[in-house]
Amino acid sequence: MNKAKHIAIIMDGNGRWAELQGKKRVKGHEAGAGVVRAITEYCAAQEEIERLTLYAFSTENWKRPRLEVEFLMKLLDKYLNQELETLMKNNIRFETVGDLGAFSKKLQKTIQTVKEKTSHCDGLVQSLALNYGAQDEMLRAINSLKKSQDDITLEMMSQELDCKHDVDLLIRTGGDHRLSNFLLWQSAYAELFFTDTLWPDFTDKELDKIIKKFTKVERRFGGLK
């Protein structure tokens, strides 16, 4: 039976959820942040799940309206400060993937503080993809490896990436069927699940159903069984 040791989620649908309710898009982001807590706590309670990577802000999200981007930055800072206690209580270590250099010094400090205060936790690893794009990640890794005199191997490339862990199960909410530049290298053999449920409506019960389906999938990794 398959084990979903590393689950990655593209959290899509916040804006549409808000618009369907006649609310501003930012209300969808606020609702979505609450779902992050619920899903993270669920994963922390599952012994077989070791890592949860969530697509929070992509390199392309800077193209959104300035006010929405500013709100997302404030929401992220607020979320991290509020959730620190929850992370520590549930023995969850906080990590990030992506280029944090584009964020404000204040937000970078908040991120670093949460990392340091949860560094001793040895349960679930919650990793937020922030200013992340898989193509950008791979380019940065290649440029770093160019210094090597040896031929670049798969192992060398994997270790140079922000995320060094292969994905078992990748889920996208919101109805679209694309990867949107998320963990392309790490998801080479991931099982992909797409749901029409908008992220603010996504629940631990639906995640549990997806995981149960995943455990029954035959994973061949290019071979035969």
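**Notes on the predicted model**

1. Asn181 counts as buried, because its relative accessibility of 13% falls under the 20% limit. In this predicted model, Asn181 lies in the loop between E5 and E6, and its phi is near 65°, a positive value in a residue other than glycine.

2. Ser180 is also placed in the loop between E5 and strand E6 (191-194), and although Ser180 is not a glycine, its phi is positive, at about 50°. With a relative accessible area of 31%, Ser180 is partly exposed, whereas Asn181 is buried.

3. Turning to the helices, H2 and H3 pack with their axes 11 Å apart and at an angle of about 30°. Because this angle is under the 35 degrees used as the limit, H2 is roughly parallel to H3. The crossing in which H2 passes H3 is right-handed.

4. From H2, the residues Arg25, Val26, His29, Glu30, Ala33, Val36, Arg37 and Glu41 meet Glu68, Phe71, Leu72, Leu75, Tyr79, Gln82, Glu83 and Thr86 of H3. Sorted by class, this contact of H2 with H3 is made of seven nonpolar, three polar and six charged residues. Thr86, which is found in helix H3, is buried at 10% relative accessibility, and when residues up to four places away in sequence are not counted, Thr86 touches Arg37 and Glu41.

5. H3 (residues 66-89) also packs with helix H4 (residues 105-117), their axes coming within 10 Å and crossing at roughly 15°. H3 is therefore roughly parallel to H4, and H3 passes H4 in a left-handed crossing, whereas the crossing of H2 with H3 is right-handed.

6. In the contact of H3 with H4, Met73, Leu76, Asp77, Leu80, Asn81, Leu84, Leu87 and Met88 of H3 meet Lys106, Leu107, Thr110, Ile111, Val114 and Lys117 of H4. By class, this contact has nine nonpolar residues, together with two polar and three charged ones.

7. Which residues touch the most other members of the largest nonpolar core? They are Ile7, Ile9, Ile39 and Leu169, in a core of 41 residues. At least two residues of this core come from each of E1, helix H2 (25-44), strand E2 (51-58), H3, H4, strand E4 (125-132), strand E5 (169-172) and helix H7 (204-215). H3 gives the most to this core, with eight residues. In soluble globular proteins, nonpolar side chains tend to be buried together.

8. Ile9, one of the residues with the most contacts to other core members, touches Ile39, Leu52, Thr53, Leu54, Tyr55, Ile171, Phe182 and Trp199, leaving out residues up to four places away in sequence. There is also a second, separate core, which has 18 residues and includes Met138, Ala141, Leu145 and Met157.

9. Ala8 belongs to strand E1 (residues 6-10) and is buried, at 0% relative accessibility. Residues up to four places away in sequence aside, Ala8 touches Thr53, Val167, Leu169, Leu170, Ile171, Phe182 and Leu183. Between the C-alpha atoms of Ala8 and Ile211 the distance is 12 Å, while the two residues are 203 residues apart in sequence.

Technical notes:
Residues are numbered from 1 along each chain as its sequence is written. This is a predicted model: local features need pLDDT of at least 70, side-chain atom pairs count only at pLDDT 80 or more; totals for chains, interfaces and linings use all residues. Side-chain values use heavy atoms; hydrogens and water are left out. Axes are lines fitted to C-alpha atoms, for helices over the stretch in contact, and angles run from 0 to 180 degrees between N-to-C directions. Helices (H or I, at least four residues) and strands (E, at least two) are DSSP runs, numbered from the N terminus. Angles under 35 degrees count as roughly parallel, over 145 as roughly antiparallel, 65 to 115 as roughly perpendicular and the rest as oblique. A crossing is left-handed if the near helix is turned anticlockwise from the far one by less than a right angle, and right-handed if clockwise. Contact means heavy atoms within 4.5 Å. Ala, Val, Leu, Ile, Met, Phe, Trp, Tyr, Cys and Pro count as nonpolar, Asp, Glu, Lys and Arg as charged, and the others, Gly among them, as polar. Buried means under 20% relative accessible area, exposed over 50%, partly exposed in between (1.4 Å probe, protein chains only). A nonpolar core is a set of buried Ala, Val, Leu, Ile, Met, Phe, Trp, Tyr and Cys residues joined through side-chain atoms within 4.5 Å.
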